[in-house]
Amino acid sequence: MKRKYYITTPIYYVNDIPHIGHSVTTVIADALARYHRKLGFEVFFLTGTDEHGAKVAQSAEKEGLTSQEFADKVSERFKETWKKLNISNDYFIRTTSIEHKKIVQQVIEKINNNKDIYKGKYEGLYCVGCEKFLTEKELENGKCPLHPNQEIEKQIEENYFFRLSKYIPSLIKLIKNNKTNYIFPQNKRNEILSKLTEGVEDVSISREKIKWGVEFPLDKNHTVYVWVDALINYYSATRFLKNKKDFWPADLHLIGKEILWFHTVIWPAMLLSADLPLPKKVYAHSFYTIDGQKMSKSLGNVISPIDLVDKYGVDGSRYLIASSFPQINDSDIGWDKLTEKYNADLANGLGNLISRVARLAQKEKIIVKNTKIEFDNAYDKSIRSQNIAECLFEVWNNPQWGIQAVNKKFNEEKIWEKSGKELNNSLEEIIEMILKISHHLYPFMPQTTEEIGTIFSPGETVRFPAKPLFPRLAK
Ligand SMILES: [Zn+2]
């Protein structure tokens, strides 16, 4: 039996159009999926869109569309964007699908059978932007810190509640035990632990006033709270897709830090109540800042993945996104910085190396040897712990086979001044290193690996590429 690997991105809320923040999670998840496929795992890579809730209904109304039409339109934009970025997801889930809705209702019934749902009154401050209730403590100047331009609404409702508090001691125990801890990186784990020990209240999981949602199975006048509906997607896909049954629990939920609480507290508690296994790992990355500022529509500095691909190409964009992965802390990017990095690492680094070696090797009619290549240990370790920047750093800087080292070898040994057997040996050795580099780039830059494979194809003579892999860009 093949080993299985199940990785998910958050399902993106259709109120927003795709930006670089969505892309980073999706590109990294794609790299991890490709890496595991390469190792022979049977992989299930899931992404999709979250399509219910008040915000979607409001936006649809503004555009004169039905909620479903609006969701269809934005969902399609996400699909197109992922296609453009060469994302290899195995399935694209939509929460408005009938199959998903059925499973949501089943999970809620299971939780109810376990006596974990009760009716109560909810009074709170609601941020429509976040689609969640906030506490006084979380507000900044009376506004949601993530949505400073929106008013906070005071809402009083009769809702159905989930006994979240009942599961807090079990969650604390799981997190404190290193073997069962599922929250990464460490600083996020500490953040959650301290919040959990402060005390946690039960959460409302139904809405009476919001019509655009999954019908609440215990009361048809209510809909399921959009977050509960959304979280269940990770599980529902493994139920309604016939050949994915064995994939639950997920190996990794890759998420952004703004949704940490839902994924590491509410979701696991729901699973415990429904008697289902917990995901093995939740990794919450941080955000990009743009030239030192928060990325926001009002500042007009939002970077769209489509613009990125138009400028740097598919793999250029994937590389720039991955190498600046905001793994633990926020990571600052900007168009100038990206172009600089593209020119240094791709045009002058990788691209230049390939073209110099290919030119010389084609002239010398070098036949490429067939060698078995495996992932380097340090790289393996980094990628498996989501140390993405470190893992790419290895490809550029490994002293034995990294791009810098090979470029240096080419220059210092003045390969082009050699001749005969000596030249052949040097070129063969360098080509072997290039193929190793290419193998390690595959999860991040699959098209480039393919192109390098065409230039240096085992058993054949080297072919100089018709156009440069990464043309230099003006700033
Ligand atoms: Zn908000």
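Predicted model: local features only at pLDDT ≥ 70, side-chain atom pairs only at ≥ 80, totals over all residues.
Biologist: Where is the place of Lys-220?

Modeller: Look in the loop that runs between strand S9 (206-207) and strand S10 (223-224). From there you can check a distance too: the C-alpha atoms of Lys-220 and Glu-208 are separated by 9.3 Å, with the two residues 12 apart along the chain.

Biologist: Thanks! Now the helices. How do I read a packed pair?

Modeller: Two packed helices are described by the angle between their axes and the distance between the axes.

Biologist: Which residues of H10 and H11 make the contact?

Modeller: H10 brings Tyr-312, Gly-316, Tyr-319, Leu-320 and Ser-323, while H11 brings Leu-338, Lys-341, Tyr-342 and Leu-346. Sorted by class, the contact of H10 with H11 has 6 nonpolar, 2 polar and 1 charged residues.

Biologist: And at what angle do helix H15 and helix H16 cross?

Modeller: The axes of H15 (residues 420-441) and H16 (residues 446-455) cross at roughly 155° and come within 8 Å. Angles over 145 degrees count as roughly antiparallel, and H15 and H16 are therefore roughly antiparallel to each other. The crossing of H15 past H16 is left-handed.

Biologist: What meets what between H15 and H16?

Modeller: On the H15 side you find Ile-434, Ser-438 and Leu-441; they meet Thr-448, Thr-449, Ile-452 and Gly-453 of H16. This contact divides into 3 nonpolar, 4 polar and no charged residues.

Biologist: Let's zoom out. How many helices and strands does the protein chain have?

Modeller: There are 16 helices and 15 strands in the protein chain. Along its principal axes, the C-alpha trace spans about 85 × 50 × 40 Å.

Biologist: What does the radius of gyration of the protein chain agree with?

Modeller: The idea is to compare it with a compact globule. For 475 residues such a globule would have a radius of gyration near 23 Å, and the 25 Å of the protein chain agrees with that. Of those 475 residues, 42% count as buried.

Notes
Residues numbered from 1 in each chain as written. Axes fitted to C-alpha atoms, helices over the stretch in contact; angles between N-to-C directions. Helix = DSSP H or I, 4+ residues; strand = E, 2+ residues; numbered from the N terminus. Parallel < 35°, antiparallel > 145°, perpendicular 65-115°, else oblique. Left-handed = near helix turned anticlockwise from the far one by under 90°. Contact = placed C-beta atoms within 7 Å. Nonpolar A, V, L, I, M, F, W, Y, C, P; charged D, E, K, R; others polar. Rg over C-alpha atoms; globule rule 2.2 N^0.38 Å. Buried ≥ 20, exposed ≤ 12 C-beta atoms within 10 Å, placed from the backbone.
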